[in-house]
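Subject: Structure handover

Hello,

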Amino acid sequence: MLEIKNLKASINSKQILKGLNLSIKPGEVHAIMGPNGSGKSTLANVLSGKNGYEVSGELNFKGESLNEIPVEVRAQKGLFLAFQYPLEIPGVNTNNFLKTSLNSVRKARGEKELDTLAFLKIVKEKSSELGIDEKILARQLNVGFSGGEKKKNEILQMKILDPYFSILDETDSGLDIDALKTVAKGVNSSRTKQKSFLVITHYQRLLDYIKPDFVHVLSDGKIVKTGCGDLAQELEKTGYKKLN
Amino acid sequence: MKQQELEKSKEYKYGFTTDIESVRAPKGLNEDVIKFISNIKKEPEWMLKWRLKAFNRLKNLKEPNWQKPKYPKIDYQDLYYYSAPKSASDKPKNLNEVDPKLIETYKKLGIPLEEQKRLSGIAVDAVFDSVSVATTFKDELTKKGIIFCPISEAIRNHPELVKKYLGSVIPLTDHYFATLNSAVFTDGSFVYIPEGVRCPMELSTYFRINASETGQFERTLIIADKGSYVSYLEGCTAPMRDENQLHAANVELIALDDAEIKYSTVQNWYPGDKDGVGGIYNFVTKRGACRGKNSKISWTQVETGSAITWKYPSCILQGDNSVGEFYSIAITNNHQKADTGTKMIHLGKNTKSKIISKGISAGYADNTYRGLVDINKKASNARNYTQCDSLLMGNKCGAHTVPYIKNKNYSSIVEHEATTSKINEEQLYYCNQRGLNQEEAIGLIVNGFCKEVLQQLPMEFAVEAQKLVGISLEGSVG
Amino acid sequence: MENFEIDSKRIDQIEKITLEEKNFRIKNLELFKTAGFPNKKFEDWKFTDFRGIVDNNFKKLDTEKVTYDFKNKELLKNFDHNYIILVNGSLHSNNFDYEEKNKIKISSHDNNINYKLSENPLICLNHALAENGYFLEVEENYKFKKTLVIYNFFTNNIKDKILNNKNKIKIKKNSELHVIEYTINESKFKFINNVYEDLTLEKNSKLKSLYIQSKKSEGFFHKYSKSKLYDNSDYVNLIFSSGLRFNKLDIESDLIGENCSCNILSALFLNKNEHQEIKTRINHLVPDCKSYQRIKKVLDTESKGVFQGKVYVKDVAQKTDAYQLSKALLLHDDAEFNSKPELEIYADDVKCSHGSTSGTIDEDSLYYLMTRGLSRKESTKLLIKGFLNDVVNFIKNPKIKEFVENKLEEQINAH
């Protein structure tokens, strides 16, 4: 699904990622943990194609190089990023935005565009599956949403757009246990042999609900350790410091 | 002192006059008076030429009239343009030679000129009417290569610097009052901070108008060379007189690459009595040029005095990444009027400016914020943030906000916010309930309202300014 | 003014006027001739050299009458409505089939005396030469059942003209009217339309007016609108006049009865070479009134937007609640936005605030939308619409809202 080879990235001539290697196969869930400033969010941004980074190394997504591909085309190809801090966009209706978004993804996949009715049907289905009140979709995009609502909205968008590969950038931070469960439910219910996830987190807590196949520790722009699910628990006990 | 005068002096404690013999130029504005000033200051020929050029231009200029506060016509021929204490006409070489009466005057104003008593480490240049009477801590500054002296001395001793920078920020013909100043300026301070030097102490000028029927036209020029830093303070007072006195100063600041100038003013000229009789017309032109990259100029002003205050300390942000700041408190009470604000002219890339203005109006006073933010086409990624808050006490006074905003660069962001309100009754009640009387409570709340600006002042000035804020509003609540 | 020669002979051609009116007109013509077309020296034109604009666009200008051939045009089918048709500013016909009889009076506006002299030369010019506007009066206790559309046609032979019109609307006690002023310009030539609008809202009355046009046009429009608001009246002015080459709306509102409310809202998208200017002055003259202004502009390449807004609060106007916001989104390097949001306040127990921002589209928001698969162009469009939407949402009637949204969309798509 995703092959990262010797990925280096810098912003404002400060190098953040310093040669990162990672391989994610279809159906796998990988977790990336690491202390603040280790480059976790940079990795998420670089994968999604955010401007402003100087990037070198190889990025292959479903057998195709991502290096020159702009943000929206990556999204259309089925790469999704759940933001750590979802933006508030005043005046833009959430439903309207989602419909436009879904249709551009469908168009890229060669599927036919959905009319409002068909779209709303999907929304209803997905939001009730996650136990999210669909009323929030009638509001302006993330405006006045609580932290939990914003994160739930990200997961709902993920469900609706139905990507192959999803990155969750510290989606768990600042969430209460109920919201955390919603997030986990969103991921677990989408886990199939074709879909992969990269869960970026600072705490082990989320990984109690989303069981990863692999856990990687990111430190100073590199993966310094890789293990199975129990590595997360180990880290929780010993902390990151011992790794350095 | 008569009973009445005693009463008055309670309102404005700097209102005394110093009985000192003075030398004056003949009344009136003409070439002879300008030659007189130039001559008495032993100025070189080029300086006199410069003054006369300004005077010739002045003949074709008209007084501006777009400002909110209107004033009765000034008879420029009925003013003295030069007045100096006789004892100072031969400049004293050290403090021991300064007339004891003058030292006493500054002591009364809270500014001891004796260096040994000065603990806070501020170098002071004291300007009395038209001349500088004393400059302290000169030796210490000279060691670092810093020049801090009366401008008349700089004209004689550092002509290359003066010629290069004088009038380079405020052109000779800028507007009526600036040009008038160029023709007749008498004294003021000159500061030069050499490359890479951080001035070790606050520099300060204390202006005092004493003589009657005298205009004060001082001129200040501050140059911060590459990578240097200076913080400069300015304070002003005047005796209480029934006449209106004109004060038309020019201040020019120049910051070269990576240099920073912080300029603070506590302006407490005599505001006139509670019926609006007398007081200073404070028509001042202050302008700074951030000429070098990464340079910074920060203006802070606390304007509590003067019958009319009319000034816009401005920044021309020429250098890329340069920063301009303007922090202002303007308090007007009784019949005082203030029309003040700033201009931020963004020319360089990534230039930033910040404007925080707090206007407080009480009694019959009128307080206007007037400002310009101009983002030039080439000023990519420029950023401005402006906040203007006004507080009104009573419905006989006025508060006005007149910002002009021009944005010609799409990558730039300009934000302006303004509010006008009265003192929050709940807050007053809360303070009263905790035992503060009305005036203390207002003082407290107003100081809170002004906090962002007061914080910008150096410690010594901040304390004085805080007191001033309270005093200026005394008697404003019935 | 080499390109515009005018003298009092032109006033002699105006029919049926009293000597008093004639003198008023002559006086105003003199004022105009002394001042000329306004340039930046006029504080109200601080950011716009209209004199230069006139010189650059017109070799010759006149005010002579135009004969035209006007066949009934196709009217809007989007929603049921009453209508008035104006052709080149003159009242042509009207239809109030949806309303009760005797509740509405409509006539040509001919009283042109009781107006204050102005410092704006264009208003002087209007006072001197205005002819043939309309005067609409709504009787007491009557709520219009359907919206009134004022079709403002300009025929295809209007060229190098200055058309001066004066219009008047009076809503009597407890009545309500919704108006859409819809401009349809068939002329491909340049001309100036200079309008004076006089609005009166009596006690407990409501007026909602919406200003829009059918498509881009070469006309130069200037309108001064003066409204008087009495107790408990409610005035809403919605401005969607995108697409004009030059448009200046100068809106002055006197709040003279307690508890009245004045709302000015605008959402505009300016394409290449378009100039839109809104100037407001809200005079809070009595206590307990509210005013609300929300002006949003999106500026594309080589367009210019100006907002000059003033809130004036008289000393007796305690408990005033005044809010003013102007926001601009600059899409290109050649766009320019100037503003002067002004407060002049003499009463202390008031809540007054204003804000003005200008900047470009937020890159982080664009990025967020693009991670969801939208192209840069689509994302930009979505953000532009989002930016303007909060004003469009003030329209309550869904059909009218859709109509306005479509017009705005056309304008955005043209970018």
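Predicted model: local features only at pLDDT ≥ 70, side-chain atom pairs only at ≥ 80, totals over all residues.

A salt bridge here is a side-chain nitrogen of Lys or Arg within 4 Å of a carboxyl oxygen of Asp or Glu.

**How the chains meet**

Two pairs of chains touch, and the pair with the most contacts is B and C. Chain A and chain B do not touch. Their nearest C-alpha atoms are 15 Å apart.

**Chains A and C**

Chain A puts 28 residues into the contact with chain C, and chain C puts in 19. Together the two chains bury about 1,900 Å². Carbon and sulfur atoms carry 64% of that area.

The salt bridge count between chain A and chain C is two. There are also 12 residue pairs in polar contact between these chains, both residues being at pLDDT 80 or more.

Which elements of chain A supply at least two residues each to the side that touches chain C? They are α1 (40-48), α2 (71-76), β6 (79-82), β7 (89-93), α3 and α5 (147-161). Helix α3(A) gives the most, with five residues. By residue type, this side of chain A divides into 15 nonpolar, 10 polar and three charged.

**A ring pair across A and C**

The whole structure has 44 aromatic pairs over all chains. One of them is Phe97(A) with Tyr368(C). Their ring centres are 6.4 Å apart and their planes sit at 20 degrees, so the pair is stacked. The pair crosses between chains. Phe97(A) belongs to helix α3 (residues 94-108) of chain A, and Tyr368(C) to helix α5 (residues 363-370) of chain C.

**Chains B and C**

Now the other contact. Here 33 residues of chain B touch 36 residues of chain C. The buried area between them is about 2,700 Å², with 49% of it on carbon and sulfur atoms.

How many salt bridges cross between chain B and chain C? The rule finds three. One joins the side chains of Lys377(B) and Asp334(C), at 3.1 Å from N to O. Polar contacts between chain B and chain C come to 17 residue pairs, again with both residues at pLDDT 80 or more.

On the chain B side, the elements that give two or more residues are β22 (383-393), β23 (398-407) and β24 (413-422). The chain B residues that touch chain C divide into 12 nonpolar, 13 polar and eight charged.

Strand pairing also crosses from chain B to chain C. β24(B) is joined to strand β19 (residues 351-359) of chain C by seven bridges. The two strands run antiparallel. To find the pairing on screen, go to Val414(B): its bridge partner in β19(C) is Ser358(C).

**Inside chain A**

Two features within chain A are worth a look.

First, a sheet. Four strands of chain A form an open sheet in the order β2-β1-β4-β5, with antiparallel pairing. The edge strands are β2 (14-24) and β5 (64-65), and each pairs on one side only. Strand β1 (residues 2-11) and strand β4 (residues 54-61) of chain A pair over seven bridges, in the antiparallel sense. Ser10(A) stands opposite Glu54(A) in β4(A).

Second, a salt bridge. A search of the whole structure finds 70 salt bridges over all chains. Among them is the one between the side chains of Arg139(A) and Glu149(A), at 3.7 Å from N to O. Arg139(A) lies in the loop between α4 (116-130) and β8 (140-141) of chain A, while Glu149(A) lies in helix α5 of chain A, so the pair ties together parts that are 10 residues apart in sequence.

Best wishes

Notes. Residues numbered from 1 in each chain as written. Chains lettered and ligands numbered in written order. Heavy atoms only, no water. Contact = heavy atoms within 4.5 Å. Buried area = accessible area lost by both parts, 1.4 Å probe. Polar contact = N/O pair within 3.5 Å; in protein donor to acceptor, adjacent residues only side chain to side chain. Nonpolar A, V, L, I, M, F, W, Y, C, P; charged D, E, K, R; others polar. Pairing = 2+ DSSP bridges. Phe/Tyr/Trp six-rings, centres within 6.5 Å; stacked < 30°, edge-to-face > 60°.
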